[in-house]
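Student: I would like to learn how to read a few features of a structure. Please show it, and we can go through them in turn.

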Amino acid sequence: MTPAAPSFELLAGADRSPVILHVPHSAREIPASVRGGIVLDDEGLERELDHITDAHTAELAAEAVGLSAVAPWRFVNRLSRLVVDPERFPDEREEMLAVGMGAVYTRTTHRAALRPADADPEPLIERYFRPYARAMTDAVAERLAVAGRAVVVDVHSYPTAALPYELHGEGPRPPVCLGTDSFHTPPALLAAARAAFAGCGEIGLDSPFSGTYVPLDFYGKEPRVLALMVEIRRDTYMTEPGGPAGPGLGRLAAALATLVDAVTG
């Protein structure tokens, strides 16, 4: 765990590609300065990382790039979501604050203490969350300027069995869950995703996780920004929790590449 690790990385695709594969939760890296504020012992922290990390999703996105006819761009978080979660609202709008999982988590997946309840989130938000948000905003703006549109595909995974932190864990848990937004996920994008992942098992909609990531500068305002979240149930491609990837990863990468090609045009 080294403080020198970059917080995020934008990996270039083809100039004409409108697609950004966004991978926010794949990393386990925690800078030493951040580790000091986490109350779990080392064994407990490794166990929590097993549960909370969307393992192998960066690898999944990388394989999809190699299989795509026109290479998409990738925006990859290089630090664990236990540092900051870049997909949360950084204020009271975030519903996950109810379980101690706002932009800076104070509770674990099993609702145990992760940080002191009175920990000030602002230093981590300023150091990690805001630069990430600005960089992702800039990446989307560049796709709009160069390609005329931007398609953000959020690449996630989720456990086979619901964890105690989940607010909506009682619903269906299909092999593939597509998270949508009423403004930024048009029917054609959803249809393309359903077709691309048709060979990967049942496809569900907005359960157990819903919505998708759009930088706030564009959210609900810019119709040329399209967005979709792809949530993969972990037993379809890896050993849970936190274990190695299996052969299912290649099938999912091919499906993601098919989606990329369909929306690239």
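**Helix H4 and selected residues**

Student: Which residues of H4 are buried?

Tutor: In H4, the buried residues are Leu 124, Ile 125, Tyr 128, Phe 129, Tyr 132, Ala 135, Met 136, Thr 137, Ala 139, Val 140, Arg 143 and Leu 144. Buried means under 20% relative accessible area, exposed over 50%, and partly exposed in between (1.4 Å probe, protein chains only). Helices (H or I, at least four residues) and strands (E, at least two) are DSSP runs numbered from the N terminus. This is a predicted model, in which local features need pLDDT of at least 70 and side-chain atom pairs count only at pLDDT 80 or more, while totals for chains, interfaces and linings use all residues. Residues are numbered from 1 along each chain as its sequence is written, and side-chain values use heavy atoms, with hydrogens and water left out.

Student: How should I read the spacing of a list like that?

Tutor: An α-helix has 3.6 residues a turn, so residues three or four places apart point the same way.

Student: What do the buried residues of H4 pack against?

Tutor: Contact means heavy atoms within 4.5 Å. The partners are strands S1 (8-11), S2 (19-23), S3 (73-77), S4 (150-158) and S7 (225-233), together with helix H1 (32-35).

Student: Where in H4 does a kink lie?

Tutor: A bend is the angle between axes fitted to the seven residues ending at a residue and the seven starting there. In H4 a kink of about 30° lies at Phe 129, shortly before the proline Pro 131. Just after H4, Gly 148 has a positive phi of about 85°.

Student: Is Ser 26 buried or exposed?

Tutor: Ser 26, in the loop between S2 and H1, counts as buried because its relative accessibility is 14%. Not counting residues up to four places away in sequence, Ser 26 touches Thr 53, Asp 54, Thr 57, Ala 58, Val 76 and Asn 77.

Student: How far apart in space are Ala 257 and Leu 67?

Tutor: Their C-alpha atoms are 5.8 Å apart, although 190 residues separate Ala 257 and Leu 67 in sequence. Ala 257 is in helix H6 (residues 248-264) and counts as buried at 2% relative accessibility. Beyond its neighbours within four places in sequence, Ala 257 contacts Ala 64, Leu 67 and Ser 68.
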